[in-house]
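The stops below are meant to be selected one after another.

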Amino acid sequence: MRATAFRSFAKVNLHLQVVGRRGDGYHELRTVFQTIDLHDRITVELGGAGVELEVDDQRLSAGPENLACRAAVRFLEAFGGASGARLRLRKRIPVGGGLGGGSSNAATVLLAMRRLCGGPERLLDLWPVARELGADVPYFLFGGTALGVGRGDEVLPLPEIPEGDLWLVLPPFEVSTRLVFAELGEIAAAPLAPAVLALAQGEVPARAALLGGWNDLEAAALRCAPALRDLYDTLQASGLEWLRMSGSGATFLAEIDPQEVENVTSRLPVGTRLKRVRTMSRQTLWARREIAAGESGDGDH
Ligand code: C5P
């Protein structure tokens with residue numbers, strides 16, 4: 001049976017603006033996505049009847065509601081090419097962390113199935129299926145530095161910010177995306193952030209942290225989760241050079257002076273981890289996404 005293994009990379013949101021409420025219950029966004037090198041690994045094998053999933057993380061469902069499963073089912077319905085598929089998911093991206101793990105898994109399954117089934121011909125033909133699966137899924141078909149508009153599902157490539165290191169602050173708890181959006185107060189329509197306009201025009205910052213911008217979901221998430229508020233206050237008092245929540249939380253992005261890393265680590269609440277990651281361009285992503293036959297990928301995160 002034909003099989004392939006893919007790395008399923010996480011994202012961060014370097015900027016996130018909420019500019020309105022939509023008729024479909026979602027919010028209208030302007031967000032800058034960025035791929036990072038933290039990833040899950042997904043093996044896809046065609047054959048059998050229906051879709052089966054094996055996950056190495058007990059906290060996650062391996063049933064049909066798992067986004068990776070749904071992606072395989074929807075792919076076969078839309079494009080055919082096989083009677084079924086076996087999926088194996090090795091989870092490393094924290095769940096519910098605003099890093100898009102589930103959405104990345106769904107997009108990666110679509111890409112792997114396309115590779116194994118030999119179609120659809122255009123990558124863009126996966127887009128309608130991807131956006132049905134979730135607002136963040138289409139971004140993961142493309143990756144790199146990109147602007148998401150609409151629900152975040154209309155994705156336009158931006159000039160790439162040079163690859164570099166970032167710190168993730170990973171709390172041991174999740175924040176519900178749905179609840180964070182529900183917690184937003186009055187929303188004022190606003191033009192695209194000047195920093196994003198400048199980037200689109202080719203004014204590329206030297207590092208992700210220098211992009212400028214903000215995250216409109218940050219205040220709502222801090223109201224939703226008192227533990228996140230406490231963590232935020234601790235981080236603010238730790239002398240970080242840059243701090244921003246990713247997506248709807250609970251992960252924060254940070255820049256930390258190398259000499260301060262130990263000091264920041266010692267102040268973190270029990271269970272919260274610091275992890276250094278690297279941002280990745282589309283070119284690197286495309287070169288590293290598929291795990292070649294004979295390459296275990298075990299040296300990965
Ligand atoms: O699309 P996804 O299932 O990831 O979104 C989770 C929830 O987040 C949605 O059900 C919706 O309540 C909220 N959301 C939103 N506006 C967006 C994206 C998500 O209100 N643009």
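Burial is described here by relative accessible area: buried means under 20%, exposed over 50%, and partly exposed in between, with a 1.4 Å probe and protein chains only. This is a predicted model, in which local features need pLDDT of at least 70 and side-chain atom pairs count only at pLDDT 80 or more, while totals for chains, interfaces and linings use all residues. Residues are numbered from 1 along each chain as its sequence is written, and side-chain values use heavy atoms, with hydrogens and water left out.

**Stop 1: Pro269**

Select Pro269, in the loop between α9 (261-267) and β10 (273-280). Helices (H or I, at least four residues) and strands (E, at least two) are DSSP runs, numbered from the N terminus. Pro269 is partly exposed because its relative accessible area is 35%.

**Stop 2: the ligand**

Which residues surround the ligand? They are Gly25, Tyr26, His27, Leu29, Gly134, Ala135, Arg151, Thr177, Arg178 and Phe181. Strand β2 and helix α5 (177-182) each supply at least two residues of this shell, and α5 gives the most, with 3 residues.

The space that the ligand takes is the largest pocket. On a 1 Å grid over the protein atoms alone, a pocket is an open set of points with protein on both sides within 12 Å along at least five of seven lines, where a 1.4 Å probe fits. A molecule sits in a pocket if more than half of its atoms lie within 2 Å of the grid points.

A polar side-chain atom of Tyr26 lies 3.3 Å from an oxygen atom of the ligand. For Ala135, a backbone N or O atom is 3.0 Å from a ligand oxygen atom. At Arg151, a polar backbone atom is 3.0 Å from a nitrogen atom of the ligand. Taken alone, the ligand exposes 450 Å², of which the protein buries 73%; these accessible areas come from the Shrake-Rupley method with a 1.4 Å probe.

**Stop 3: Val32**

Follow strand β2 (residues 27-46) to Val32. Is Val32 buried or exposed? Val32 counts as buried because its relative accessibility is 0%. Contact means heavy atoms within 4.5 Å; leaving aside neighbours within four places in sequence, Val32 is in contact with residues including Val12, Leu14, Thr145, Leu158, Val196 and Leu211. Select Pro157 as well: Val32 and Pro157 are 125 residues apart in sequence and 9.6 Å apart in space, C-alpha to C-alpha.

**Stop 4: Ser8**

Ser8 lies in strand β1 (residues 3-21) and, at 0% relative accessibility, counts as buried.

**Stop 5: Asp57 and Gly50**

Asp57 is in the loop between β3 (50-55) and α1 (67-79). Asp57 is buried, with a relative accessible area of 12%, and its side chain makes a polar contact of 2.8 Å with the side chain of Arg59. Gly50, in strand β3, counts as partly exposed at 34% relative accessibility. The C-alpha atoms of Gly50 and Arg86, 36 residues apart along the chain, are separated by 8.4 Å.

**Stop 6: two cis peptide bonds**

Select the bond from Gly119 to Pro120, which is cis, with omega near 0°. Pro120 is in the loop between α2 (101-117) and α3 (127-133). Then select the bond from Gly249 to Ala250, which is cis with omega near 10°; Ala250 is in the loop between β8 (242-245) and β9 (252-255).

**Stop 7: Met245**

Finish at Met245 in strand β8, which counts as buried at 0% relative accessibility. The C-alpha atoms of Met245 and Leu217, 28 residues apart along the chain, are separated by 8.1 Å.

Notes: Near = heavy atom within 4 Å. Polar contact = N/O pair within 3.5 Å; in protein donor to acceptor, adjacent residues only side chain to side chain. 1 Å grid on protein atoms, 1.4 Å probe; cavity = no way out; pocket = protein on both sides within 12 Å on 5 of 7 lines; lining within 4 Å.
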